[in-house]
Amino acid sequence: MQHLFTRHTSFYAVIGLTVLCAGLALSLNAAWWLPCLLFLALSILGVYDLNQTRHAIRRNYPVIGNLRFLFEYIRPEVRQYFFEDDTLKMPFSRVDRSLVYQRAKRQMDQRPFGTQGDVYDSHYEWINHAMVPAHVQDTDFRITVGGPDCAKPVDLSVFNISAMSFGALSANAVRALNKGAALGNFAHDTGEGGVSRYHLEHGGGLIWNVGSGYFGCRNPDGSFSAERFADMACRDNIRMIEIKLSQGAKPGHGGVLPAPKVTPEIAAARGVPAGQDCISPASHSAFSTPIELMHFIVRLRELSGGKPVGFKLCIGHPWEWFAIAKAMLATGITPDFIVVDGAEGGTGAAPIEFVDHVGTPLREGLRLVHNTLVGIGLREKIRLGASGKVISAFDMARIMALGADWCNSARAYMFAIGCIQAQTCHTGRCPTGVTTQDPARQKALVVADKSVRVANYHANTLKALGELLGAAGLQHPGDLRPHHIARRIANGEVRVLSALFPDLQKGELLEGKFRNTIFRTAWPMAQAESFDPLYSLSAALSGHADQSIPDAPDPAAAAG
């Protein structure tokens, strides 16, 4: 029996069927020419399969071997629509996506018959409720961003659109997000691709993301242009300036937008020549040390007319962040805000190794930044934002309990304007028009409809956050503390986050107290004058730091 079916059986079969259908068409009915042409095309495909040299499967299994590539091509869609578990996070679960869609469309976002999660699973988290809940009347939670040196502080929502560039997003996607931000009175981060005309079209408040490419404020050689920066930064739409040091998707990695993708519109927004490779370096040229970063912040604040200026980063080497903190102490200069991006964040395409294995996750990174600022006595002067897979009100509550003053989200707002997580963002073939520059595909995204959904999602998520806070007996997200969130850990034990992420006392780093290993080892390594460590981490951990650098400075003295 096995000899009747060989690896070429399908090829012989289509040839035979071609001949059979041709005979039937000639002798019986011309309608047989249609299947004859079909089988003839498959026969030609089989001949090509036998002679091509790229795919061994097609050479060994002509015709039928092509099914392997067809099934591989449609596998993501088949998996998503027919086999994916509702709670499987790949990278966002159907439950998460559905929640955004429901809130964006003002549909019922309640669920019957109990949770779909396993409340006894490790890492399950919940917020502890109060016996006497509070009544939260106004859920348009807001904070003021702007330190003592800021002349134009900003009244900011606690839930805003995270950095996504025009070029990565379509023109209609940018329009819809910005119009939604205007309708809901919250902020829209431009991403490092510059301020395009689509960002300005509907008047939504913008956080201008200034990356290492200085797009929109650069000289022809790629260096920072103070004149061009001031011209844009003083516009009313620009509310805050964010210096991008690194991002969660690919920290420590630059980028190149290939010449064919640098259209005249993208070139105009970025201030680069059209039709040429657009390079985003891995590091800034306007500063090279922590102290120079502080002075750059002052410069941007002055050029913008006194608007809040801060920076965004994904935590990497802890001594580099500590060096920035020491530069604040050494210069007396503080940013108005810091946005901590988690390694789980990222809308744009990035190398697999960077997506999966580079950068500190949000919770650990945020807690380190928060505790450092507390430990050096500067937390009250600096606002903290956080971004990284924020979808629901509970996501916000957990992150704000760990120290964030506000949350940003990128992919959730993409869902609100129609993204279906097809994960074809980098191909230009986005099925919903969100991440493509194809004019025909963009037309599918209707700005008037999707902008309302953006505003709806924002408002309904904050409403849900208000209900969570009320259940916990709180009035504002700023009242959240780590002890309000509990987590089940290994072996069924339960810990509140304050036990897993202990607080520092105000000013204790200045006193030379290092209760945590990361501060004890990396704080003395950091120096305000350079991002380089004073000695190696291996030396610090082995207790031989004093042998690596003679007369190593006292940790308390190094703080200031």
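Visitor: In the hairpin of β14 and β15, which residue takes a positive phi?

Guide: This is a predicted model. In it, the hairpin of β14 and β15 has 5 residues between the strands, and Asn491 takes a positive phi near 65°.

Visitor: How many bridges pair β14 with β15, and in which sense?

Guide: Strands count as paired if at least two bridges are found between them. Strand β15 (residues 494-496) is joined to β14 by 3 bridges in the antiparallel sense. Within that pairing, Val496 of β15 stands opposite Ala486.

Visitor: What joins β14 to strand β1?

Guide: Strand β1 (residues 125-127) runs antiparallel to β14, with 3 bridges between them. Ile127 has Ile485 as its bridge partner in β14, and Glu125 has Arg487.

Visitor: What is the order of the strands in the sheet?

Guide: The order is β1-β14-β15, an open sheet of 3 strands with antiparallel pairing. On average, neighbouring strands are turned by 25° against each other, direction ignored.

Visitor: Are the faces of β14 buried or exposed?

Guide: Buried means under 20% relative accessible area. In β14 (residues 485-488), both faces are covered: Ile485 and Arg487 are buried on one side, Ala486 and Arg488 on the other.

Visitor: Which helix lies across β1 and β14?

Guide: Helix α14 (residues 393-401) does, running at about 85° to β1.

Visitor: How is a pair of packed helices described?

Guide: The description uses the angle between the two axes and the distance between them. Here, helix α10 (residues 290-303) packs against helix α11 (residues 318-331) at an angle of about 60°, and their axes are 8 Å apart. The crossing of α10 and α11 is right-handed.

Visitor: Which residues of α10 and α11 meet?

Guide: From α10 come Pro290, Ile291, Leu293, Met294 and His295; they meet Ala323, Ile324, Ala327, Met328 and Thr331 of α11.

Visitor: Turning to α2, what distance does this helix reach from its first C-alpha to its last?

Guide: Helix α2 (residues 33-51) has 19 residues and reaches 27 Å, close to the 27 Å expected at 1.5 Å a residue.

Visitor: Which residues of α2 are buried, and why do they line one face?

Guide: Cys36, Phe39, Ser43, Gly46 and Asp49 are buried. Seen down the axis of α2, the buried residues fall within an arc of 135°, so they line one face of the helix. The face turned away from the buried side carries exposed residues: Leu34, Leu37, Leu38, Ile44, Tyr48 and Asn51.

Methods. Residues numbered from 1 in each chain as written. Predicted model: local features only at pLDDT ≥ 70, side-chain atom pairs only at ≥ 80, totals over all residues. Heavy atoms only, no water. Buried < 20%, exposed > 50% of the residue type's maximum accessible area, 1.4 Å probe, protein only. Helix = DSSP H or I, 4+ residues; strand = E, 2+ residues; numbered from the N terminus. Expected span 1.5 Å × (residues − 1). Arc of directions from axis to C-beta. Axes fitted to C-alpha atoms, helices over the stretch in contact; angles between N-to-C directions. Left-handed = near helix turned anticlockwise from the far one by under 90°. Contact = heavy atoms within 4.5 Å.
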